[in-house]
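Reader: I would like to go through this model with you. Could we begin with the overall picture and then turn to the details?
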Amino acid sequence: LAKKLAAGVTGVGLEVRVAPHGNFGSDFAHARRNADRYNRVAVRLGLRPVCVLTDGSRPYQPHIGRGEALAALAAVLNGEPCTWLAEHHQLCRRMSDTVASILGIDISEPVETAKLRGAHEEMLAAQGAAPSAFWDRAEAIRTAPRTTVSAERPGWVDYDLGILRTLLVERQVAGSDPRSPSDPAGVTLLVRPGDHVETGQPVMAARAVDGAGFADRVRNCLRISPTELRRPIVGACEIVAPGESSRPLEGDFLSATRHV
């Protein structure tokens, strides 16, 4: 909220990622209470807040890590996202549109990708960064060497994001790459949660200076079940706004499931 006040904005949209490692709570009931608390404080500060709760226990898209996030953003801004990333992009647009609608902002005209790219580069310039540096870094991440992690047995795939997050934070703290101490490692998921794989099929691609060593540790976050898993529904979201009952985010491709 301090950032919003410093920036001088009045309408505030916040994504609350609900997961064991989430800041607002490990389950939707806990996160919903903290979202309501956040909203009440924001109102007292003269802001107009809207929280969107999303299921952060499963990967939203395949690019995990700081550098990978830059590469994913570059792919979206270039109009070249993979199917999984494109679905996440659409979810982000739907969340933004919903927040704008609640705040009474006109969203009748869709924002084209070219305008998003232009706004992103203006933001970089405003913060004293060269847009070319962003594109160079994103390309360096995209083309960096990676070590493949393959399935050791057939089954249905899932990932423990808590373990993966811990591994990445450890690498960031250690700063094993002197060229980029804050971004020494990342992971790209090659298979969606709930998909079936065969023995030897590539499942993840790990980026790190010690590629094989890091890949061996990354394998600990991989779960392969002999029985079919419930496939996570993209966009199972909930809106928490002042003066409204919590409700699911609506949309053709989104879940209408209430988390209670």
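This is a predicted model: local features need pLDDT of at least 70, side-chain atom pairs count only at pLDDT 80 or more; totals for chains, interfaces and linings use all residues.

Reader: On to the cores. Which residues have the most contacts inside the largest nonpolar core?
Author: They are Tyr-159, Val-203, Met-204, Phe-214 and Val-218, in a core of 25 residues. At least two residues of this core come from each of β5, α7 (161–174), β6 (186–189), β8 (202–207), α8 (211–218) and β9.

Reader: Which element gives the largest share?
Author: The largest share comes from α7, which supplies four residues. Apart from this core lies another, of 14 residues, including Val-16, Ala-42, Leu-47 and Val-240.

Reader: Let us stay with Phe-214 for a moment. Where is it placed, and is Phe-214 buried or exposed?
Author: Phe-214 belongs to helix α8. Its relative accessible area is 1%, so Phe-214 counts as buried, the cut-off being under 20%.

Reader: What does Phe-214 touch, leaving aside neighbours within four places in sequence?
Author: Phe-214 is in contact with Leu-167, Leu-168 and Arg-171, with Ala-185, Gly-186 and Val-187, and with Ala-206, Arg-207 and Ala-208. One of these, Ala-185, is 29 residues from Phe-214 along the chain, and the C-alpha atoms of the two are separated by 8.4 Å.

Reader: Tyr-159 was also on your list. What is its bridge partner in β9?
Author: The partner of Tyr-159 in β9 is Leu-222. Strand β5 (residues 155–159) and β9 run antiparallel and are joined by four bridges.

Reader: What is the strand order in the open sheet?
Author: The order is β7-β5-β9, three strands with antiparallel pairing. At the edges are β7 (196–197) and β9 (222–225), each of which pairs on one side only.

Reader: Changing topic: β1 and β2. Is their pairing parallel or antiparallel?
Author: Strand β1 (residues 11–18) pairs with β2 in the parallel sense, over eight bridges. Within this pairing, Val-16 stands opposite Leu-53 in β2. Val-16 is also among the residues of the 14-residue core.

Reader: How many residues of β2 are buried?
Author: Six of the eight residues of β2 (residues 48–55) are buried, and the strand is mostly covered.

Reader: Now the aromatics. How many aromatic pairs does the structure hold?
Author: The structure holds two aromatic pairs. One of them is formed by Phe-134 and Trp-135.

Reader: What is the geometry of the Phe-134 and Trp-135 pair?
Author: The pair is edge-to-face, at 4.9 Å centre to centre, with 75 degrees between the planes.

Reader: Why do both residues count as buried?
Author: The cut-off is under 20% relative accessible area. Phe-134 is buried because its value is 8%, and Trp-135 is buried because its value is 16%.

Reader: One last point. Which charged residue sits over the ring of Trp-135?
Author: That residue is Arg-117, whose charged end is placed over the ring of Trp-135, 4.0 Å from its centre.

Key. Residues are numbered from 1 along each chain as its sequence is written. Side-chain values use heavy atoms; hydrogens and water are left out. Rings of Phe, Tyr and Trp (its six-membered ring) pair if their centres lie within 6.5 Å; planes under 30 degrees apart count as stacked, over 60 as edge-to-face and the rest as tilted. Buried means under 20% relative accessible area, exposed over 50%, partly exposed in between (1.4 Å probe, protein chains only). A charge sits over a ring if NZ of Lys or CZ of Arg is within 6 Å of the ring centre and within 35 degrees of the ring normal. Two strands pair if DSSP finds at least two bridges between them. A nonpolar core is a set of buried Ala, Val, Leu, Ile, Met, Phe, Trp, Tyr and Cys residues joined through side-chain atoms within 4.5 Å. Contact means heavy atoms within 4.5 Å.
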